[in-house]
Amino acid sequence: MFEDKITQYAKETHTYTLECPYCGKNTLVVNETMYNLPRLGEVLLISKNCSSCGYKHNDMIPLKKKRRRRIYIKVENKEDLKTKILRTSMTRIEIPEIGAEMVPGIIAPFFVTNIEGVLQRFLDILSTMNLLEVSEKKDNLSIITKKIEQMMIGKIPFTVIIDDPWGIGGIYEKSRKTLVITEYVE
Ligand SMILES: [Zn+2]
């Protein structure tokens, strides 16, 4: 949704071809687009695509340097799960209560997700792990799975930590005005 909309903020694009770091062929197409985004300001999106080996990479560089930001969100009820988070390719999302962490490096340079979506992602990962792991570890996985399921219906309060070294990732839309948020800027 956010990605579809950003094309309207594109200011200029440069395209050139380089040698691919993976296959060595001169088929790596680099596309640099400058955007002037609301909330974020001027950012440069660099997407690399190799037609020979399929290597793909997206980077986003804010042109106005911001400071590292760490945001703690206290999720207290089911409504808070609707809080929307803006995630960039540099954003790390952590839920300490279940020891889960979503590391940066996704293909999409930006995306907006809500907290429920983050929990769902962890559940999907756990169910894949459950298929692969040996039986002793399955008990542990099912304990965490049950805990996440309780969190998803608002029965267990928890903390969401958003960490972004570029200071861009963060809260996109609050579930309610009184949502408890603590913010640290380095
Ligand atoms: Zn290649």
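**Exercise 1.** Determine which side chain meets that of Glu76 in a salt bridge, and where the two residues lie.

*Solution.* Step 1: the partner of Glu76 is Arg176, at 2.9 Å from N to O; a salt bridge is a side-chain nitrogen of Lys or Arg within 4 Å of a carboxyl oxygen of Asp or Glu. Step 2: Glu76 lies in the loop between E5 and strand E6 (84-88), and Arg176 in the loop between strand E11 (170-173) and strand E12 (180-185), 100 residues apart. Strands (E, at least two residues) are DSSP runs, numbered from the N terminus. Step 3: Glu76 is partly exposed at 39% relative accessible area, whereas Arg176 is buried at 18%. Buried means under 20%, exposed over 50%, and partly exposed in between (1.4 Å probe, protein chains only).

The model is predicted: local features need pLDDT of at least 70 and side-chain atom pairs 80 or more, while totals for chains, interfaces and linings use all residues. Residues are numbered from 1 along each chain as its sequence is written, and side-chain values use heavy atoms, without hydrogens and water.

**Exercise 2.** State which residue pairs with Asp163, and whether Asp163 is buried or exposed.

*Solution.* Step 1: Arg70 and Asp163 form a salt bridge of 3.4 Å, N to O. Step 2: Arg70 belongs to strand E5 (residues 69-75) and Asp163 to strand E10 (residues 158-164), so the pair ties together parts 93 residues apart in sequence. Step 3: Asp163 is buried, at 6% relative accessibility.

**Exercise 3.** Identify the protein donors of the zinc ion.

*Solution.* Step 1: the donors are the SG atoms of Cys20, Cys23, Cys50 and Cys53, 2.3 to 2.4 Å from the ion; donors are N, O and S atoms within 2.8 Å of the metal (3.2 Å for Na, K and Ca). Step 2: their spacing in sequence is C-x2-C-x26-C-x2-C.

Key:
Helix = DSSP H or I, 4+ residues; strand = E, 2+ residues; numbered from the N terminus.
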